[in-house]
There are 2 protein chains.
Amino acid sequence: MKETKKRTFTCGLDAAIAVMGGKWKGLILFALQDGPLRFGELRRAVPGISERVLILQLREMETTGLLHREVYHQVPPKVEYSLTPFGHSLNTAMAPLGEWGEEHLERIETIPWDQTG
Amino acid sequence: MKETKKRTFTCGLDAAIAVMGGKWKGLILFALQDGPLRFGELRRAVPGISERVLILQLREMETTGLLHREVYHQVPPKVEYSLTPFGHSLNTAMAPLGEWGEEHLERIETIPWDQTG
DNA sequence: GCTCATACTTACATTCGTGTATGTACCTGG
DNA sequence: CCAGGTACATACACGAATGTAAGTATGAGC
């Protein structure tokens, strides 16, 4: 999802995928939908993600304007991440996709992913 | 999007992203929503995709059950791709995402993608 | 016999995404 | 003085995803 130039998109879906694409961003958005979370809380809320990748994703999403980063100058440090209105709107737009996934979860899990290459 | 083992998902959104993830599958689904297309037509309908990548994506989507491949034994060869009901349902679920992208297209295009790394 | 068109296949190269392991800064508490 | 906790940064590496370029098969038409 990293680009060296200003992108142009063929359609809205293309643009949306560029913003929420990748394995984690959708899950991060969903984790934050009920309110702000600290870095450590987010890491626990998104099982399987590594610290490094989580940071990279958060940075990207901050740059794209999906979320807000609030630093509290304390020791030990405290940083809270929350959705911007932009992020909320994307979350709303992704909701049907999440429902679709849940509806067809069984079918999706039985897909022979190792035969797709 | 290729996996060596049977996957399990943390939520529906995770599963949905695994199915429609990547740069192209969403666009291919959208291109096919109005009816079947031949390989060459699809290539023109999805600007920027290479033949090889298009084939790989189509193979994957056939395996996941999103689309159907119909071969006509002619010369020159003719192959038509069409959405299955499963593919149609995913397409419907992605529609709000496409609308969101179009609504915010200007904002998305001005995102400094090269500063996200 | 040569070219054309379509729908691929194959070989190779490159970039991207993701992951592991380790180090850093800061103050607190023992 | 040393360990602990938080939120990172940095170095390194692997495999997946994507791309480029070329070749294949078939029969039609000239």
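1. In this predicted model, helix α5 (residues 85-103) of chain A and helix α1 (residues 12-20) of chain B have axes that cross at roughly 90 degrees and come within 7 Å of each other. An angle from 65 to 115 degrees counts as roughly perpendicular, and α5(A) and α1(B) are therefore roughly perpendicular to each other.

2. The residues that form this crossing can be named on both sides. From α5(A) come A:M94, A:L97, A:G98, A:W100, A:G101 and A:E102, and they meet B:G12, B:L13, B:A15, B:A16, B:V19 and B:M20 of α1(B). Sorted by class, the contact of α5(A) with α1(B) comprises 8 nonpolar, 3 polar and 1 charged residues.

3. A further contact between the chains pairs helix α1 (residues 12-20) of chain A with helix α2 (residues 25-32) of chain B. Their axes come within 9 Å and cross at roughly 160 degrees. Because angles over 145 degrees count as roughly antiparallel, α1(A) is roughly antiparallel to α2(B). The crossing of these two helices, α1(A) and α2(B), is right-handed.

4. In that pair, α1(A) contributes A:L13, A:D14 and A:I17, while α2(B) contributes B:G26, B:L27 and B:F30. The contact of α1(A) with α2(B) is made up of 4 nonpolar residues, 1 polar and 1 charged.

5. Helix α2(B) also packs within its own chain. The axes of α2(B) and helix α5 (residues 85-103) of chain B come within 10 Å, with a crossing angle of roughly 110 degrees. This angle makes α2(B) roughly perpendicular to α5(B). The residues that meet are B:G26, B:L29 and B:F30 in α2(B) and B:G87, B:L90, B:N91, B:M94 and B:A95 in α5(B). The contact of α2(B) with α5(B) has 5 nonpolar and 3 polar residues, and no charged ones.

6. What is the extent of the interface as a whole? The area buried between chain A and chain B is about 4900 Å², and carbon and sulfur atoms give 75% of this area. On the side of chain A, the residues A:L13, A:W100 and A:W113 supply 16% of the area that the chain buries against chain B, more than any other three residues. Counted by residue, 52 of chain A are in contact with 52 of chain B.

7. Chain A contains 6 helices and 3 strands, arranged along the sequence in the pattern α-α-β-α-α-β-β-α-α. Its C-alpha atoms fill a box of roughly 50 × 35 × 25 Å along the principal axes.

8. The UniProt annotation, from an unreviewed entry, places "domain: HTH hxlR-type" at residues 11-109 of chain A. Over this stretch of chain A the chain is 61% helix and 14% strand, and its end C-alpha atoms lie 30 Å apart.

9. One backbone feature deserves a check in each chain. Most peptide bonds are trans. The bond from A:V75 to A:P76, however, is cis, with omega near -5 degrees. A:P76 sits in the loop between β2 (67-72) and β3 (78-83) of chain A. In chain B, the peptide bond from B:V75 to B:P76 is cis as well, with omega near 0 degrees, and B:P76 is placed in the loop between β2 (67-72) and β3 (78-83) of chain B.

How values were computed. Residues numbered from 1 in each chain as written. Chains lettered and ligands numbered in written order. Predicted model: local features only at pLDDT ≥ 70, side-chain atom pairs only at ≥ 80, totals over all residues. Heavy atoms only, no water. UniProt positions renumbered as here; feature names shortened; annotations may be inferred. Helix = DSSP H or I, 4+ residues; strand = E, 2+ residues; numbered from the N terminus. Axes fitted to C-alpha atoms, helices over the stretch in contact; angles between N-to-C directions. Parallel < 35°, antiparallel > 145°, perpendicular 65-115°, else oblique. Left-handed = near helix turned anticlockwise from the far one by under 90°. Contact = heavy atoms within 4.5 Å. Nonpolar A, V, L, I, M, F, W, Y, C, P; charged D, E, K, R; others polar. Buried area = accessible area lost by both parts, 1.4 Å probe.
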